[in-house]
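Colleague: Could you put the model up and go through it with me? I have a few questions.

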Amino acid sequence: MITINSNSVADTEQIAKRIADKLTGVEVIALYGGLGMGKTAFTRGLCSALESTDDVSSPTFALVNEYKGRFPIYHFDMYRVETWDDLYSTGFFDYIGNGVLVIEWSENIDGALPEDAVKIEISKGNTDNERIFKIDGIENI
């Protein structure tokens with residue numbers, strides 16, 4: 001596991017860019033952390049590094065946003081997913097292996113994630129802007 005501190009949105013986006021450099025195009029990136037932890041900022045940095053020019057926004061109501069880049073990027077919000085039926089209705093399983101999946105609120109679907117998912121826990125640091133990233137499933141970023 002790797003631990004990295006972020007002190008700004010720009011730092012968070014830079015962490016995402018470092019991870020993007022390691023991707024092959026079929027990864028599942030599971031984001032864990034409460035409201036305001038920087039999950040969407042992370043996704044924005046990842047999409048930018050993967051050469052997407054699409055506007056990145058939280059898919060809270062759409063459940064999944066699709067972005068074009070070097071690889072297809074599927075940005076999920078699992079906040080409202082409470083049951084296996086809810087999860088199946090998102091089409092989640094059909095997306096696996098067809099691009100990079102970035103999943104906000106992965107806590108809600110932890111049991112459905114592939115074993116090789118990159119798991120990123122984001123928590124608040126000592127200041128309002130500091131975030132602590134604990135990254136498991138990817139090396140040497």
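Colleague: Is Tyr79 buried, partly exposed or exposed?

Modeller: In this predicted model, Tyr79 has a relative accessible area of 43%, so it counts as partly exposed.

Colleague: And what about Trp105, buried or exposed?

Modeller: Trp105 is buried, because its relative accessible area is 14% and the cut-off for buried is under 20%.

Colleague: How many aromatic pairs does the structure hold?

Modeller: There are 9 aromatic pairs. One of them joins Tyr79 and Trp105, with the ring centres 4.8 Å apart and 65° between the planes, an edge-to-face arrangement. That pair links distant parts of the chain, since Tyr79 sits in the loop between β4 (73-77) and α3 (84-89), while Trp105 belongs to the loop between β5 (100-104) and β6, 26 residues apart.

Colleague: What kind of pair do Tyr88 and Phe93 make?

Modeller: Their ring centres are 5.0 Å apart and their planes meet at 40°, so the pair is tilted. Tyr88 counts as exposed at 55% relative accessibility, and Phe93 is partly exposed at 29%.

Colleague: Which residues form the aromatic cluster?

Modeller: Tyr74, Phe76, Trp84, Tyr88, Phe92, Phe93 and Tyr95 form one aromatic cluster.

Colleague: Back to Trp105 for a moment: what lies over the face of its ring?

Modeller: Lys39 does, at 4.3 Å from the ring centre of Trp105. Lys39 is also among the buried residues of α2.

Colleague: How many residues of α2 are buried?

Modeller: In α2, 9 of the 11 residues are buried, so the helix is largely enclosed by the rest of the structure. Besides Lys39, the buried ones include Phe42, Leu46 and Cys47.

Colleague: And what comes just after α2?

Modeller: Just after the helix, Glu51 takes a positive phi of about 70°, and this is a residue other than glycine. Glu51 is found in the loop between α2 and β3 (64-67), where it is exposed, with a relative accessible area of 56%.

Colleague: Where does Asn140 lie, and what is its phi?

Modeller: Asn140 lies in the segment after β7 and has a positive phi of about 50°, although it is not a glycine. With a relative accessible area of 63%, Asn140 is exposed.

Colleague: Let's switch to α1. Which of its residues are buried?

Modeller: They are Thr12, Glu13, Ile15, Ala16, Ile19 and Ala20. Viewed down the axis of α1, these buried residues fall within an arc of 155°, so they line one face of the helix.

Colleague: Why would residues three or four places apart point the same way?

Modeller: An α-helix has 3.6 residues a turn, so residues with that spacing point the same way.

Colleague: What covers the buried residues of α1?

Modeller: The cover includes β1 (2-6), α2 (39-49), β6 (118-124) and β7 (131-136).

Colleague: And what span should the helix have?

Modeller: With 12 residues (9-20) at 1.5 Å a residue, α1 should span 16 Å, and its end C-alpha atoms are 16 Å apart, which agrees.

Colleague: Last topic, Val28: where is it found, and what does it touch?

Modeller: Val28 is found in strand β2 (residues 28-32) and is buried, with a relative accessible area of 5%. Leaving out residues up to four places away in sequence, Val28 touches Ile96, Leu101, Ile103, Leu113, Pro114, Ala117 and Val118. The C-alpha atoms of Val28 and Ala117 are separated by 4.9 Å, although these residues are 89 residues apart along the chain.

Methods
Residues numbered from 1 in each chain as written. Predicted model: local features only at pLDDT ≥ 70, side-chain atom pairs only at ≥ 80, totals over all residues. Heavy atoms only, no water. Helix = DSSP H or I, 4+ residues; strand = E, 2+ residues; numbered from the N terminus. Expected span 1.5 Å × (residues − 1). Buried < 20%, exposed > 50% of the residue type's maximum accessible area, 1.4 Å probe, protein only. Arc of directions from axis to C-beta. Contact = heavy atoms within 4.5 Å. Phe/Tyr/Trp six-rings, centres within 6.5 Å; stacked < 30°, edge-to-face > 60°. Lys NZ or Arg CZ within 6 Å of the ring centre and 35° of its normal.
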